[in-house]
Amino acid sequence: MFEFFKKKKKEEVTEEVTEEVVQEQEETVPEAVAETVPVEETEPEAEEEVIEETQPEPEEQPAPKKGWFARLKDGLTKTRDNFVAGMDSLFSNEDKIDDDFYDELEETLILGDIGVHTTDAILEKLKDAVKHEHIKKCSDCREFLIKTIKEEMATGETAYEFENRQSVVFVIGVNGVGKTTSIGKLASHLKSQGKRVILAAADTFRAAAGSQLEEWSHRAGVEMIGGVEGQDPSSVLYDAVSAAKARNADVLLVDTAGRLHNKKNLMEELKKMNRIIDKAFPDAHRENLIVLDASTGQNAMMQAKEFGEVADLTGIILTKMDGTAKGGIAIAITSELKIPVKYIGVGEKIEDLQKFNSDSFVDALFDVTPSEDEVND
Ligand SMILES: Nc1nc2c(ncn2[C@@H]2O[C@H](COP(=O)(O)OP(=O)(O)OP(=O)(O)O)[C@@H](O)[C@H]2O)c(=O)[nH]1
Ligand SMILES: [Mg+2]
């Protein structure tokens, strides 16, 4: 679990640090020379000044690398503050459980974007446990709640088999949710596992879309097949599938438009692309990932339902978990739609994509310390 994150982060942090150092050197060395050369010809006072200025600054130590669990917790800070803080006061008292307690818990869960359906399911289980198990006081409920949420989120084995098979990953979602960014991050993750990855820039609607993906392809060090603005996205897709076959690529990641002239057009276009992949590359394993912006809360749920008409969704990439208090939506989505969240985006950088594990997610949300194995980098 999270192996890629552990592995990748190490490599990339080192790369990044090295890059920064190189850049710093490139920038600072000529300046230092330029400033120190005239010093020999100038007044001694000036010399002193310049020397003072050019004293090598103590090298800034890179901040100690955080483990993935710490980063996940950091990313969930706002959600935790919003969701769990309210609950803590609810669970901190030793009172007997009564209807007021249930009402307050219900409100907290719904406000935490857990969704009505999931909240009902959780409360049902809690009431049952209060009746049949030894849960008497409000303070006994916390652990039970954590266990129940974990159960609600368990959608069976979360599969990442596409990572190990010849696959086409069709990435869809409304505009601005983070499709292109997530594809870049995913490409980099797959590349670091030694996979041959090709990107298809099948968003030909927006002029900048192709160049955005191209930038990510350079960052990730993978190839991209694109077209020109206004070109039929399906023709780009054909080219990309042909290239993936010809080069025996492991994974073809398909970026799509999040907006066309209108929503109906978009949906029709995506359906067509879905059929093309099926026809042109029937042997490839298919993964249809919808990208949802966690900060949009319940809207994300609606989008998952709508895009479910385009293709059979096999997973979700939930982005922008770092900046939202609505991360509880991950619980609602997994529990209600029964579509597994496979990755979460916790920032804008290439390494800010994590494989999703519901147990760790709930632990991070409730500030539970996970086992040593889980946190070890
Ligand atoms: N903080 C944060 N920002 C993210 C994350 N993922 C994406 N973003 C940002 O969200 C913005 C939109 O991302 P894109 O990848 O361009 O979104 P898109 O779905 O491809 O958008 P369209 O091409 O317009 O459909 C960018 O500024 C990204 O940097 C994330 O996990 N966290
Ligand atoms: Mg895009």
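This tour moves through a predicted model, from the whole chain to the sheet, its helices, the ligand shell and a few backbone details.

**The whole chain.** Of its 377 residues, 40% count as buried. Among contacts between residues at least 6 apart in sequence, 76% join residues at least 24 apart.

**The sheet.** Next, select the strands. An open sheet is formed by 8 strands in the order S3-S2-S4-S1-S5-S6-S7-S8, with mixed pairing. S3 and strand S8 (353-355) stand at the edges with a single partner strand each, so one side of each lacks a neighbour in the sheet. From one strand to the next, the twist averages 25°.

**Strand S2.** Select residues 197-202, which make up strand S2; 6 of its 6 residues are buried. In a regular strand, side chains alternate between the two faces of the sheet. On one side of S2 are Val197, Leu199 and Ala201, and on the other Ile198, Ala200 and Ala202; both faces are covered, as all of these residues are buried.

Strand S4 (residues 251-256) runs parallel to S2 and is joined to it by 6 bridges. Within this pairing, leucine 199 stands opposite leucine 253, and alanine 200 stands opposite valine 254. Strand S3 (residues 223-225) also pairs with S2 in the parallel sense, over 3 bridges. There the bridge partner of leucine 199 is methionine 224. Between S2 and S3 the chain passes through helix H9 (residues 207-220), and this β-α-β crossover is right-handed.

**Helices across the sheet.** Keep H9 selected: this helix lies across S2, S3 and S4 and runs at about 165° to S2. Then select helix H12 (residues 298-307), which lies across strand S1 (167-172), strand S5 (285-293) and strand S6 (315-319). The direction of H12 is at about 150° to S5.

**Helix H14.** Select residues 358-366. Of the 9 residues of helix H14, 7 are buried, so this helix is largely enclosed by the rest of the structure. The buried residues are Ser358, Ser360, Phe361, Val362, Asp363, Ala364 and Leu365. Aspartate 367 follows H14 and has a positive phi, near 60°.

**The shell around ligand 1.** Move to ligand 1 and display the 21 residues around it; Gly178, Thr180, Thr181, Gly258 and Gly345 come nearest. Helix H8 (residues 179-192) supplies the largest share of the shell, 3 residues. Sorted by class, the shell has 4 nonpolar, 11 polar and 6 charged residues.

**Two loop residues with positive phi.** Finish with the backbone torsions. Most residues other than glycine have a negative phi. Select asparagine 248, in the loop between helix H10 (233-246) and S4. Although asparagine 248 is not a glycine, its phi is positive, at about 50°. Is asparagine 248 buried or exposed? Asparagine 248 has 8 other C-beta atoms within 10 Å and is exposed, the cut-off for that class being 12 or fewer.

The last stop is lysine 338, in the loop between helix H13 (329-337) and strand S7 (341-345). Lysine 338 also has a positive phi, near 55°. With 9 C-beta neighbours inside 10 Å, lysine 338 counts as exposed.

Note on methods: Residues are numbered from 1 along each chain as its sequence is written. Chains are lettered from A and ligands numbered from 1 in the order in which they are written. This is a predicted model: local features need pLDDT of at least 70, side-chain atom pairs count only at pLDDT 80 or more; totals for chains, interfaces and linings use all residues. A residue is near a molecule or strand if its C-beta atom, placed from the backbone, lies within 6 Å of it. Helices (H or I, at least four residues) and strands (E, at least two) are DSSP runs, numbered from the N terminus. Ala, Val, Leu, Ile, Met, Phe, Trp, Tyr, Cys and Pro count as nonpolar, Asp, Glu, Lys and Arg as charged, and the others, Gly among them, as polar. A residue is buried if 20 or more other C-beta atoms lie within 10 Å of its own, exposed if 12 or fewer, and partly exposed in between; C-beta atoms are placed from the backbone. Two strands pair if DSSP finds at least two bridges between them. A crossover is right-handed if, with the strands pointing away from the viewer, the path from the first strand over the helix to the second runs clockwise. Axes are lines fitted to C-alpha atoms, for helices over the stretch in contact, and angles run from 0 to 180 degrees between N-to-C directions. Two residues are in contact if their C-beta atoms, placed from the backbone, lie within 7 Å.
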